Amino acid sequence: MASSTVRVDLDGKPINQLTICMIGAGGFIGSHLCEKILNETQHKILALDVYNDKIKHLLEPDSLSWAGRIQFHRINIKHDSRLEGLIKMSDLTINLAAICTPADYNTRPLDTIYSNFVDALPVVKYCSENGKRLIHFSTCEVYGKTIGSFLPKDSPLRQDPAYYMLKEDASPCIFGSIEKQRWSYACAKQLIERLVYAEGAENGLEFTIVRPFNWIGPRMDFIPGVDGPSEGVPRVLACFSNALLRREPLKLVDGGESQRTFVYIKDAIEAVLLMIENPSRANGHIFNVGNPNNEVTVRQLAEMMTAVYANVSGEPALEKPTVDVSSKEFYGEGYDDSDKRIPDMTIINRQLGWNPKTSLWDLLDSTLTYQHKTYAEAIKKVMSQPTTS
Ligand code: NAD
Ligand code: UDP
């Protein structure tokens, strides 16, 4: 329930009610952001997306205390003349819309580049021309590979944070060759970041750029064959959840040696709310948002998810819980990977005083509890149906 007491920002000033144009509001991050804003603030949301399944529970009329503060507009921003009007009606635009599943980057590189660069252009333009603030969602993937990944495997320098820690204002962006189409997404996101930044520098656009580092939690992506295509390949959380639900081994791409830091979606959303409500501290900045304390290899993630899921479901783990697959087999030609992703937190700490709270074990526990409750029965049904040949 939204509090009726006056909310104040980090500098003690009262926060005005905002109208927020949220593009991609029907996705994973958007659904959590809408929930947080409706529950804890008085802001209004114009929610734009092609889908609304993940925010349906927020759109029910009348009974909910926030009725009237969220309006859904089914819009594909590729071609809809209503976009500029909705941005003009708002104080702030948040752009989350994107193709952002790695399985698409090398298999649908054109769609990936159009979605992450071309389709975002009018949003930046309308914000700049109409003097509206923009929070644009980029990605940690703009850093690409670490400098350390080019050192010999046994080099002691690999242990030196200077060779792997990712800093917004200092780290280079290191991508693979053009044939490695995996980098189509990172490159498109980098160029739109540069455009947003340039609009700020040359035309005074008030902007904030967010670089999420593997935000995970309930409602992320889809479970193939249940609420998404059977042949679809979602991000790792949903891939591993799907295998656990089906009692199949978890597939480790190229040995599962890549490292990631995972942050709980609810922690990350707190950072976004701070950006929304503290423009004077957030404007002009690029923020890493992740949890440097939750680093694991993908193999360790698989082992941990297997253990947590056994607790949650009450079913013992498989004797052989993982299986190795090559990236070519799993993702096809042109895949490549980020080796390691640890966010430097200096800037977000200094500007917004934000820190993530939830440990990897705890976030997996709540997320897999959700996955089990939401999907276990549906998976049983799907698996009991005869397969058509
Ligand atoms: P998501 O796929 O769940 O959400 C994206 C939403 O955008 C979807 O609901 C989709 O329908 C919508 N969308 C896409 N194209 C659209 C269009 N043309 N018109 C209208 N709506 C459109 O992804 P997410 O995880 O919520 O990610 C949101 C943003 O954060 C993306 O920009 C993504 O690149 C970035 N990001 C997320 C993560 C993460 O950890 N989840 C990591 C890095 C970057
Ligand atoms: N991965 C894996 N098995 C899967 C899905 C993903 O080993 O079933 C690996 C993938 O190769 C990458 C990591 O898990 O190294 C994270 O993948 P994700 O799809 O979450 O996206 P990324 O972090 O690369 O953006």
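User: How do the residues of the shell around ligand 2 divide into nonpolar, polar and charged?

Analyst: Happy to start there, keeping in mind that this is a predicted model. Ligand 2 has 15 residues around it, with R235, V236, C239, V253 and S258 coming nearest. By class, the shell around ligand 2 splits into 6 nonpolar, 4 polar and 5 charged.

User: Which element gives the largest share of the shell around ligand 2?

Analyst: Two elements give two or more residues each to this shell, namely α8 (236-246) and β9 (250-253). The largest share is 3 residues, and the element supplying them is β9.

User: Good. How many residues of α8 are buried, and what do they pack against?

Analyst: Let's look at the helix itself: its buried residues include V236 and C239, and these two are also among the residues that come nearest to ligand 2. In total, 10 of the 11 residues of α8 are buried. Their packing partners are β8 (215-216), β9, α11 (298-313) and α14 (360-384).

User: Which residue just after α8 takes a positive phi?

Analyst: Nice detail to check in the backbone. The phi there is about 55 degrees, and the residue just after α8 that takes it is R247.

User: Now for ligand 1: which element gives the most to its shell?

Analyst: Ligand 1 is surrounded by 26 residues, the closest being G24, G27, I29, A98 and C100. The shell divides into 15 nonpolar, 8 polar and 3 charged residues. At least two residues each come from α1 (28-40) and β2 (44-49). With 3 residues, the element that gives the most is α1.

Definitions and conventions: Residues are numbered from 1 along each chain as its sequence is written. Chains are lettered from A and ligands numbered from 1 in the order in which they are written. This is a predicted model: local features need pLDDT of at least 70, side-chain atom pairs count only at pLDDT 80 or more; totals for chains, interfaces and linings use all residues. A residue is near a molecule or strand if its C-beta atom, placed from the backbone, lies within 6 Å of it. Helices (H or I, at least four residues) and strands (E, at least two) are DSSP runs, numbered from the N terminus. Ala, Val, Leu, Ile, Met, Phe, Trp, Tyr, Cys and Pro count as nonpolar, Asp, Glu, Lys and Arg as charged, and the others, Gly among them, as polar. A residue is buried if 20 or more other C-beta atoms lie within 10 Å of its own, exposed if 12 or fewer, and partly exposed in between; C-beta atoms are placed from the backbone. Two residues are in contact if their C-beta atoms, placed from the backbone, lie within 7 Å.
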